[in-house]
Amino acid sequence: MPHKTAKTAAKATGSKATASKAAARAPVHKTAPKAAAKAPASKPVVHKPVAAKSTAKPVAATARPDEPKKVLTQRQGFKTNEFVVYPAHGVGQILAIEDQEIAGAKLELFVINFMKDKMTLRVPTAKVANVGMRKLSEPVLVKKALETLKGRARVKRTMWSRRAQEYEAKINSGDIVAIAEVVRDLYRSESQPEQSYSERQLYEAALDRLSREIAVVQHVTETEAVKEIESQLAKSPRRGAAKAEGEADAEAEGEGDAEEADGDDAAVADEAA
């Protein structure tokens, strides 16, 4: 009996030792998967802020090229939205200053709008002085032009065709005083003889140029400017005698031209003889 109890005790101690070994091994296998599971979960957290930094840089870079476009607002003393006088077309407004490529060359242009004529003109900024474009006249110069309207008409002793050319040159000069002289010389009151068609055309062209500039300078409508011009013209001396004198001079000049032509014919006849 003592031998049986010793064997059973040895078996019991042997089973306890194997159980303790199995218990010691079991925690090793359980902790390994936990550590392995934690390692891959921490990796995506590192890459997210890097992606955010890379996408933020191109946004700041694309906003910079738009800044220089706002600089083109003034050139050669003229700026956008300003009213100017273009000699060949009268008063216009600068809408913009833009760059265009023409025949392979880059040009900077004034975009000028003539509202009454419904026309838009593009003028190179470098040729402003050549075309005679200028700013609006000062109030003092406008007053001088209005004073000119009250003077006596000056009719030159030349043929109408020559005078018409001089009037056109004054109108297209852009000089407000010279334009006022054309209006003064071609104006006809109700008591005076009617104008010819060509005279009326030149008078209306000069009146239109003058009234537009006066209207913009004085901040009034064109209708009000025309009334002011006509009120100044009404103060000028009567010019019926001046017109009759001019027609008599034109007839005398015509006779002189005919005499010169007769003399030339006689000279040709003498050479032929």
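This is a predicted model: local features need pLDDT of at least 70, side-chain atom pairs count only at pLDDT 80 or more; totals for chains, interfaces and linings use all residues.
Where does S137 sit? It is in the loop between β7, residues 134-135, and α4. One goes to the side chain of R134, at 3.2 Å. The other joins the side chains of S137 and E213, at 2.6 Å. Leaving aside residues up to four places away in sequence, S137 touches V142, I176, E213 and V217.

Now the overall picture. The protein has nine helices and seven strands. It has 273 residues, and 28% of them count as buried. The accessible surface comes to about 18500 Å², with 57% of that belonging to carbon and sulfur atoms. If you take contacts between residues at least 6 apart in sequence, 56% join residues at least 24 apart.

Next, the helices. Helix α7 has 22 residues and reaches 31 Å from its first C-alpha to its last, close to the 32 Å expected at 1.5 Å a residue. After α7 comes H219, with a positive phi near 60 degrees.

Then there is α8, residues 222-233. This helix has 12 residues and spans 16 Å from first C-alpha to last, close to the 16 Å expected at 1.5 Å a residue. Which residues of α8 are buried? They are A225, I229, Q232 and L233. These four cover an arc of only 105 degrees around the axis, so they lie on the same side of α8.

Now to the strands. Five of them form an open sheet, in the order β6-β5-β4-β3-β7, and the pairing is antiparallel. β6, residues 119-124, and β7 stand at the edges with a single partner strand each, so one side of each has no neighbour in the sheet.

Strand β4 is residues 90-102, strand β5 is residues 105-114, and they pair in the antiparallel sense over nine bridges. As one example of who faces whom, Q100 stands opposite L107 in β5.

A103 lies in the loop between β4 and β5. Its phi is near 55 degrees, which is a positive value in a residue other than glycine. Buried or exposed? A103 counts as exposed, because its relative accessibility is 80% and the cut-off is over 50%.

K118 is in the loop between β5 and β6. K118 is not a glycine either, and has a positive phi of about 55 degrees. At 79% relative accessibility, K118 also counts as exposed.

How values were computed:
Residues are numbered from 1 along each chain as its sequence is written. Side-chain values use heavy atoms; hydrogens and water are left out. Helices (H or I, at least four residues) and strands (E, at least two) are DSSP runs, numbered from the N terminus. Buried means under 20% relative accessible area, exposed over 50%, partly exposed in between (1.4 Å probe, protein chains only). Contact means heavy atoms within 4.5 Å. Accessible areas come from the Shrake-Rupley method with a 1.4 Å probe; for residues, only the protein chains shown count as cover. The expected span of a helix is 1.5 Å times one less than its number of residues. The arc is that of the directions from the helix axis to the C-beta atoms. A polar contact is a pair of N or O atoms within 3.5 Å; within protein, one must be able to donate a hydrogen and the other to accept it, and residues adjacent in sequence count only if both atoms are side-chain atoms. Two strands pair if DSSP finds at least two bridges between them.
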